[in-house]
Amino acid sequence: MVRSVLVLLLSQLMGEIVSRSLHLPVPGPVVGMALLALALHLRRRGQPNEVMEIGRVTGPLLGTMGLFFVPAGVGVVASMDLLRRQWLPVTIGLVGSTVAAMLVTAAVMEWA
């Protein structure tokens with residue numbers, strides 16, 4: 001279990017290093033997650049136990065992921081006046097990004 005937590009933290013660190021050194025507009029943890037997914041995909045065939053160990057560590061973390069949306073909800077409530085004035089661009093952005101995410105997800109699922 002400690003090894004799996006270390007793998008997660010090192011993945012995030014590597015993502016930060018790559019993101020900052022290449023001046024990417026993507027946060028380091030997102031780059032780290034992509035690197036971890038790639039590493040797990042490449043090693044999946046040889047060592048399935050390692051994937052299962054990381055799954056045991058990430059399960060509880062994913063269970064509490066909803067807590068990260070609380071600050072965003074507070075920010076939305078605090079910006080209610082701005083949202084009332086700019087409701088059309090916000091609505092277009094939300095609907096457009098949702099449709100785009102669904103299309104990309106469907107394309108990736110079809111491709112994989």
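# Briefing on a predicted model

Arg20 has a relative accessibility of 63% and counts as exposed (exposed means over 50% relative accessible area, buried under 20%, partly exposed in between, with a 1.4 Å probe and protein chains only). This is a predicted model, in which local features need pLDDT of at least 70 and side-chain atom pairs count only at pLDDT 80 or more, while totals for chains, interfaces and linings use all residues. Residues are numbered from 1 along each chain as its sequence is written, and side-chain values use heavy atoms, with hydrogens and water left out.

**Helix H1**

- Helix H1 covers residues 2-21, which makes 20 residues (helices are DSSP runs of H or I with at least four residues, numbered from the N terminus).
- From its first C-alpha to its last, H1 reaches 28 Å, close to the 28 Å expected at 1.5 Å a residue (the expected span is 1.5 Å times one less than the number of residues).
- Ser4, Ser11, Gly15 and Ser19 are the buried residues named in H1.
- These four cover an arc of only 60 degrees around the axis, which puts them on the same side of H1 (the arc is that of the directions from the helix axis to the C-beta atoms).
- Val2, Arg3, Leu9, Arg20 and Ser21 lie on the other side of H1, where they are exposed.
- Met14, also in H1, is partly exposed at 43% relative accessibility.
- Between Met14 and Val2 there are 18 Å from C-alpha to C-alpha, for a separation of 12 residues in sequence.

- Ser19 lies in helix H1 and counts as buried because its relative accessibility is 8%.
- Beyond its neighbours within four places in sequence, Ser19 is in contact with Leu24, Val26, Pro27, Gly28 and Val31 (contact means heavy atoms within 4.5 Å).
- Ser11, in helix H1 as well, is buried at 12% relative accessibility.
- With residues up to four places away in sequence not counted, Ser11 touches Gly32 and Leu36.

**The loop after H1**

- His23 sits in the loop between H1 and H2, just after H1.
- The phi of His23 is positive, at about 55 degrees, although this residue is not a glycine.
- His23 is exposed, and its relative accessible area is 70%.

**Helix H2**

- Helix H2 runs over residues 28-43 and has 16 residues.
- The reach of H2 from first C-alpha to last is 22 Å, close to the 22 Å expected at 1.5 Å a residue.
- In H2 the buried residues are Gly28, Val31, Gly32 and Leu36.
- Seen down the axis, the buried residues of H2 fall within an arc of 140 degrees, so they line one face of the helix.

**A nonpolar surface patch**

- Leu6, Leu10, Leu13, Met14, Ile17 and Leu35 make up a nonpolar patch on the surface, with about 530 Å² of accessible area together (areas come from the Shrake-Rupley method with a 1.4 Å probe; for residues, only the protein chains shown count as cover).
- Patch residues have over 30% relative accessible area and no salt bridge; nonpolar side chains (Val, Leu, Ile, Met, Phe, Trp, Tyr) are joined within 5 Å, and like charges within 9 Å.
- H1 gives the most to the nonpolar patch, with five residues.
- Leu35 is found in helix H2 and is partly exposed, at a relative accessible area of 35%.

**Salt bridges**

- Two salt bridges are found in a search of the whole structure (a salt bridge is a side-chain nitrogen of Lys or Arg within 4 Å of a carboxyl oxygen of Asp or Glu).
- One joins the side chains of Arg20 and Glu16, at 3.1 Å from N to O.
- Arg20 and Glu16 are four residues apart in helix H1, and therefore separated by about one helical turn.
- Glu16 is partly exposed, with a relative accessible area of 24%.
- Arg84 forms a salt bridge with Asp81, and their closest N and O atoms are 3.1 Å apart.
- Both Arg84 and Asp81 belong to helix H5 (residues 80-85), where they are three residues apart, about one turn of the helix.
- Arg84 is exposed at a relative accessible area of 58%, and Asp81 is exposed at 51% relative accessibility.
- An α-helix has 3.6 residues a turn, so residues three or four places apart point the same way.

How values were computed:
Helices (H or I, at least four residues) and strands (E, at least two) are DSSP runs, numbered from the N terminus.
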